[in-house]
There are 2 protein chains.
Amino acid sequence: MKMFISLVTLTFLLVGGCATSTKKENEDNATSKKTSSKPLNPDKVLNVAFVIVDGVYNSELVAPMDILHHTVFHTDKGMKVFTVAPDPDIVTSFEGLKILPDYTFSSDSLPPIDVLVVPSAEHSMDSDLENEELITFIREKGARAAYVMSLCDGAFVLAKAGLVNGKESTTFPSDIGRYRETFPSLTVHEDVSFVHDGKLITSVGGAKSYDPALYLAEILYGKEVAKGLGRGLVIDWDLSKIDYIKVD
Amino acid sequence: MKMFISLVTLTFLLVGGCATSTKKENEDNATSKKTSSKPLNPDKVLNVAFVIVDGVYNSELVAPMDILHHTVFHTDKGMKVFTVAPDPDIVTSFEGLKILPDYTFSSDSLPPIDVLVVPSAEHSMDSDLENEELITFIREKGARAAYVMSLCDGAFVLAKAGLVNGKESTTFPSDIGRYRETFPSLTVHEDVSFVHDGKLITSVGGAKSYDPALYLAEILYGKEVAKGLGRGLVIDWDLSKIDYIKVD
């Protein structure tokens, strides 16, 4: 209930009180194809934080980062994207990319986070879940953010932080079983690209990590902006062709 | 002719003299759909260098890096991927990711490069083409590599370095006109994901940057390896469904 109030409050802050209507269209196989509603059109630049830890997967980090960063070329306001890590050291991705984080969890200069993105990492299903500093950061920032997005096994981290409680979600296809075992109370979907439930958007990840970001861009800025963002990345974006679930 | 000899020599080094047959299947619209031939099965770990400069585009860097890096989990030998930059400073990507390069152009420890990958960058079409250090590095390393791959506007850099001379290629869809104007002697294709001509593989880039890497993995390691690599990134890889050109 507290999270719901927080979401409503923040949605009002973001969109100046402009609400939008959505409808649930869960089909037989628990997938949903919808057309977009009126865009929310935030009246400010949104701060988008990508949480990175050692072993972060490249694609799950940069696919949504690229889409959301490129909003600055397609909208009046757009988004400011940045990385945030537990400490100021270089983060080495799963594929060996060495990334200097923009902020640390405790940075005084860390901007308020409107969209919290949690890409998967090598240890998203095990030791990262025992990392209290990481889980606490995500719990606190996620509670205040207007949107929280996970890619691939980032859903485990969000679930551990309590941000999936009472919500429907998905994760990397071959980790669905483990996700259900680890968090048996959750309603988990498979065979969809992403699930949107309230402020939470969880995605299967991999090369499909563009989808939830394009979807968020579409609900925030409209279909034409999302299509333009897609073209910039050689994606013929059409939400009606994506298998996803929107939960009311 | 010198490059051709170099390619033949290096192909022998890579595959221990094992050759493979290919056939050209250019269709009406200059696209080609083929099934794969016998994999080359290199008998050593291949070193794959990703050339990064300020303004490098995230997706064009990491999509092929992820596919080629993950070969270590799907083959006996696989690939060693690393980044190489003009100097040891942090490289800031177009989207703001701060990347510490693994090597500099002049590193004594730079491994011999089997596969040279040139992702697009913000200035691939202008000032990067005037960067003699960059062009010289790519010309020299590209001449010795067994494969040279560009993503998006990386094709401009390869063409400037002379690595596209006499070969067919492609680049980012909306930059095709400029590519043809800048390099009027080249045979340029559009409406394909990538073009493979000899040692050269040029790709449209963006989210399609996975395709040329999966293709290279398929010709090197076989269809099942490529399909496995695809599954790891939630891609249902099927080369017969990709629009590409293979030039004999």
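Start inside: the largest nonpolar core has 151 residues. A nonpolar core here is a set of buried Ala, Val, Leu, Ile, Met, Phe, Trp, Tyr and Cys residues joined through C-beta atoms within 7 Å; buried takes 20 or more other C-beta atoms within 10 Å of a residue's own, with C-beta atoms placed from the backbone. Select Val115(A), Leu158(A), Ala217(A), Val115(B), Leu158(B) and Ala217(B), the residues with the most contacts inside that core.

Before moving on, some housekeeping: this is a predicted model, where local features need pLDDT of at least 70, side-chain atom pairs count only at pLDDT 80 or more, and totals for chains, interfaces and linings use all residues. Residues are numbered from 1 along each chain as its sequence is written, while chains are lettered from A and ligands numbered from 1 in the order in which they are written.

Now centre on Leu158(B). Leaving aside neighbours within four places in sequence, Leu158(B) is in contact (C-beta atoms, placed from the backbone, within 7 Å) with Val118(B), Ile138(B), Gly142(B), Val148(B), Ser150(B), Leu163(B) and Val164(B).

Next, pick strands E10 (194–197) and E11 (200–203) of chain B, which pair in the antiparallel sense over 4 bridges. Strands are DSSP runs (E, at least two residues) and helices likewise (H or I, at least four), numbered from the N terminus; two strands pair if DSSP finds at least two bridges between them. Phe194(B) stands opposite Ser203(B) in E11(B). The hairpin has 2 residues between its strands, and Gly198(B) takes a positive phi near 65 degrees there.

Zoom out to both chains. A rotation of 180 degrees with 0.0 Å of shift along its axis superposes chain B on chain A, RMSD 0.0 Å (least squares on C-alpha atoms of residues with pLDDT of at least 70 in both). That is the relation of a two-fold axis. Which residue of chain B comes closest to the rotation axis? Ile99(B), at 2.4 Å by C-alpha.

Show the contact: 26 residues from chain B and 26 from chain A. H2(B) gives the largest share of chain B's side, 7 residues. Finish on E4 (98–100) of chain A and E4(B), which pair in the antiparallel sense over 3 bridges; Lys98(A) stands opposite Leu100(B).

Key. Two residues are in contact if their C-beta atoms, placed from the backbone, lie within 7 Å. A residue is buried if 20 or more other C-beta atoms lie within 10 Å of its own, exposed if 12 or fewer, and partly exposed in between; C-beta atoms are placed from the backbone.
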